[in-house]
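Thanks, everyone; I would like to walk you slowly through one structure this morning.

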Amino acid sequence: MSTLCFTHHGKARQQQRSIPPFVIDALTDYGDERFLGGGARSFGFSKRGWKRFSQYMGRAIHAYEKYRNVYLVVAEDGSVITVAWRH
């Protein structure tokens, strides 16, 4: 995926929710993409996506397990609208 830029809201939510930039990169590289309508897309880890990310990370994945339930919403122009935790 091309380089993402952040809306003011997206950057604020990333900081408020303590989600590091590498998680956003991992979501776009290994997460599953869903089309939401209006050109927006969401990225989140499925079991298969998390497994691929785990294989890439190796043993270090255990330190990042808490980020398994993060998702990302991206606008049609590639700007990050929000980053959040699934509950």
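Predicted model: local features only at pLDDT ≥ 70, side-chain atom pairs only at ≥ 80, totals over all residues.

Let me start with E65, which is partly exposed at a relative accessible area of 34%, where buried means under 20%, exposed over 50% and partly exposed in between, with a 1.4 Å probe and protein chains only. Residues are numbered from 1 along each chain as its sequence is written, and side-chain values use heavy atoms, with hydrogens and water left out.

The side chain of E65 meets that of R68 in a salt bridge, at 3.0 Å from N to O; the term stands for a side-chain nitrogen of Lys or Arg within 4 Å of a carboxyl oxygen of Asp or Glu. R68 also counts as partly exposed, at 31% relative accessibility. How many salt bridges does a search of the whole structure find? It finds two, and the other joins the side chains of E33 and R41, at 3.1 Å from N to O. Here E33 is partly exposed at 37%, whereas R41 is buried at 15%.

Strands here are DSSP runs of E with at least two residues, and helices are runs of H or I with at least four, both numbered from the N terminus. Strand 3, residues 40-44, and strand 4, residues 70-74, run antiparallel and are joined by four bridges, and two strands count as paired if DSSP finds at least two bridges between them. The whole sheet is open, with five strands in the order 1-5-4-3-2 and mixed pairing. Strand 1 (5-6) and strand 2 (32-37) each have a single partner strand, so one side of each is left without a neighbour in the sheet.

Which strands does helix 2 touch? Helix 2, residues 21-30, packs on the sheet and touches strand 1, strand 2, strand 3, strand 4 and strand 5, touching being contact, that is, heavy atoms within 4.5 Å.

Finally, C5 lies in strand 1 and is partly exposed, at 42% relative accessibility. Leaving aside neighbours within four places in sequence, C5 is in contact with G78, S79 and V80, while C5 and R34, which are 29 residues apart in sequence, are 19 Å apart in space, C-alpha to C-alpha.

How values were computed
Axes fitted to C-alpha atoms, helices over the stretch in contact; angles between N-to-C directions.
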